[in-house]
Amino acid sequence: GPPSQLEILGNRYQTDEITNITPSILSKLPLRLHSRPKHPLHTLRTLIEAHFPTFSHHSSLSPLVSPYKNFDELSFPKDHPGRAVTDSYYVNKDLMLRTHTSAHEVEVFRRGDDKWLLTADVYRRDEIDGSHYPVFHQMEGARIFPATPNGMREVEEDNAWLRSQLAQTNIVIEDVPHVAPTNPAQPTHDPAHSALVAENLKLSLNGMLLALFGGSSPLRVRWIEAYFPFTSPSFEVEVFYRGKWLEILGSGVVRQATLDTANVPNKIGWAFGLGLERIAMILYSIPDIRLFWSEDERFLSQFKENKISTFKPYSKYPACSKDVSFWLPQGSSLHDNDFCDLVRDVAGDIVEDVKKIDAFVHPKTNRSSACYRINYRSMDRSLSNEEVNEIQGQVVSRLREQFGVEIR
Ligand code: PHE
């Protein structure tokens, strides 16, 4: 079974029956890619920070948070799927790895900070492929104003200034109404105030997107109505880049409950959250999300401080795929994320992707069977067949021990 205590960032924590953090995940916590000079994630963060010169920056908050802070404080319902142990990493029932940077909204607002950016590593259990990794980086940004006539005048003035900044630029925006019956202002907000704040959000982010993605041809940005438990109205933003619409961020007018909890009940404002890897992969042409974790000089030496450049892929080492088929014990099932975490824990970053290629339930015995194909490839070296067989052997024994499977 799992150890009764885990040491995480220098402290010891009691485990319990829901503990599901693996050693491979724990090894990522101290790495802080977003704070390594020249690293693409650091550069991207720096460029976004440069676009908001009057905002404060936070980047050293602990990834360990209570489920209360990650979910409840942000008005997530009790039955939200993100809370499930199959979707999130738990140290124990009272402590988890943050799944998003929004987990820190309340504490930063509580400090009295009313314009801020926050960058951090976040953790979500997921399947394995070239664009999904269980650790990634998000940047949160927020700005709140006094919910008073003076505060609203400040928003109006800022909006006029931001509009003038965007006026001569090469940007084409598809917009949706700031507030709408399908994307309403909150009951405690004057809809006119909510609309001014949503407009401030849009103008602020349009300028930032232009700074990141703008070029010789017009930048197309589209705003879409969205839903988040902790904002209303809410929006997603997409950018048309190299022939495709790309989802860039989630945002909205901060829920009053969040601001009340943070002890700033007479403010109104906006927040956004974006995934740094997705954007960096596009801007740098980085083809595989595992590359961000590479210590290979052929990767790291390509980048300069504070400047986005096109990644030049070096030759890929050969891949090697192995299948494993098994019967589960009668009446039991295995979540794909549990399979992927087991594989990631045994094999680390040499797993390129995992696909379920077959699954069925035996009509007579009612036992289920599954077959997964694991693709192994190192970013940094050539793998020998013996080495891969050895790792595959460990995957198989762990499957037997942990899930009592019978190999077919
Ligand atoms: N936290 C949200 C996510 O991870 C993004 C978000 C941040 C949405 C702030 C609205 C406001 O998807």
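Trainee: Is Asn306 buried, exposed or partly exposed?
Mentor: Asn306 is partly exposed, because 13 other C-beta atoms lie within 10 Å, and a residue counts as partly exposed when that number falls between the limits of 12 or fewer for exposed and 20 or more for buried. Please keep in mind that this is a predicted model.

Trainee: Where does Asn306 sit in the chain?
Mentor: Asn306 is in the loop between helix 9 (297-300) and strand 14 (320-327). Its phi is near 55 degrees, a positive value in a residue other than glycine.

Trainee: What about Ser75, which value does phi take there?
Mentor: Phi of Ser75 is near 65 degrees, again positive in a residue other than glycine. Ser75 lies in the loop between helix 3 (67-70) and strand 5 (90-92). With 17 other C-beta atoms within 10 Å, Ser75 is partly exposed.

Trainee: Let us step back. How many helices and strands does the protein chain have?
Mentor: The protein chain has 11 helices and 17 strands. Its radius of gyration is 23 Å, close to the 22 Å that the globule rule gives for 408 residues, so the chain is as compact as a globular protein of that length.

Trainee: And what does the C-alpha trace span along its principal axes?
Mentor: The span is about 70 × 45 × 45 Å. Of the 408 residues, 34% count as buried. Among contacts with a separation of 6 or more, 70% are between residues 24 or more positions apart.

Trainee: Which domains does the assignment give?
Mentor: The domain assignment gives domain 1 (5-300) and domain 2 (320-407). Their centres, taken over C-alpha atoms, are separated by 34 Å. The contact between them takes 16 residues from domain 1 and 15 residues from domain 2.

Trainee: What classes of residue are on the side of domain 1 that touches domain 2?
Mentor: That side of domain 1 has 5 nonpolar, 5 polar and 6 charged residues.

Trainee: How many bridges pair strand 14 with strand 16?
Mentor: Strand 14 and strand 16 (residues 368-376) pair in the antiparallel sense over 8 bridges. Phe326 stands opposite Ala370 in strand 16, and the bridge partner of Val324 in strand 16 is Tyr372.

Trainee: What holds paired strands together in general?
Mentor: Strands of a sheet pair through backbone hydrogen bonds, either parallel or antiparallel.

Trainee: And how many bridges pair strand 15 with strand 16?
Mentor: There are 9 bridges, in the antiparallel sense. Ala359 has Ala370 in strand 16 as its bridge partner. The hairpin of strand 15 and strand 16 has 6 residues between the strands, and there Asn366 takes a positive phi near 65 degrees.

Trainee: What is the order in the open sheet of 3 strands?
Mentor: The order is 4-6-5, and the pairing is antiparallel. Strand 4 (64-65) and strand 5 are the edge strands, each with a single partner strand, so one side of each is left without a neighbour in the sheet. Strand 4 is joined to strand 6 (residues 95-97) by 2 bridges, and Val65 stands opposite Met96 in strand 6.

Trainee: One more topic: which residues does a cis peptide bond join?
Mentor: The cis peptide bond joins Ser232 and Pro233, with omega about -10 degrees. Pro233 is found in strand 11 (residues 231-241).

Trainee: Finally, is Ser4 buried or exposed?
Mentor: Ser4 is exposed, with 10 other C-beta atoms within 10 Å. Ser4 is in the segment before strand 1 (5-8). Not counting residues up to four places away in sequence, Ser4 touches Gln14 and Thr15.

Conventions
Residues numbered from 1 in each chain as written. Predicted model: local features only at pLDDT ≥ 70, side-chain atom pairs only at ≥ 80, totals over all residues. Helix = DSSP H or I, 4+ residues; strand = E, 2+ residues; numbered from the N terminus. Rg over C-alpha atoms; globule rule 2.2 N^0.38 Å. Contact = placed C-beta atoms within 7 Å. Pairing = 2+ DSSP bridges. Domains from an automatic or database assignment. Nonpolar A, V, L, I, M, F, W, Y, C, P; charged D, E, K, R; others polar.
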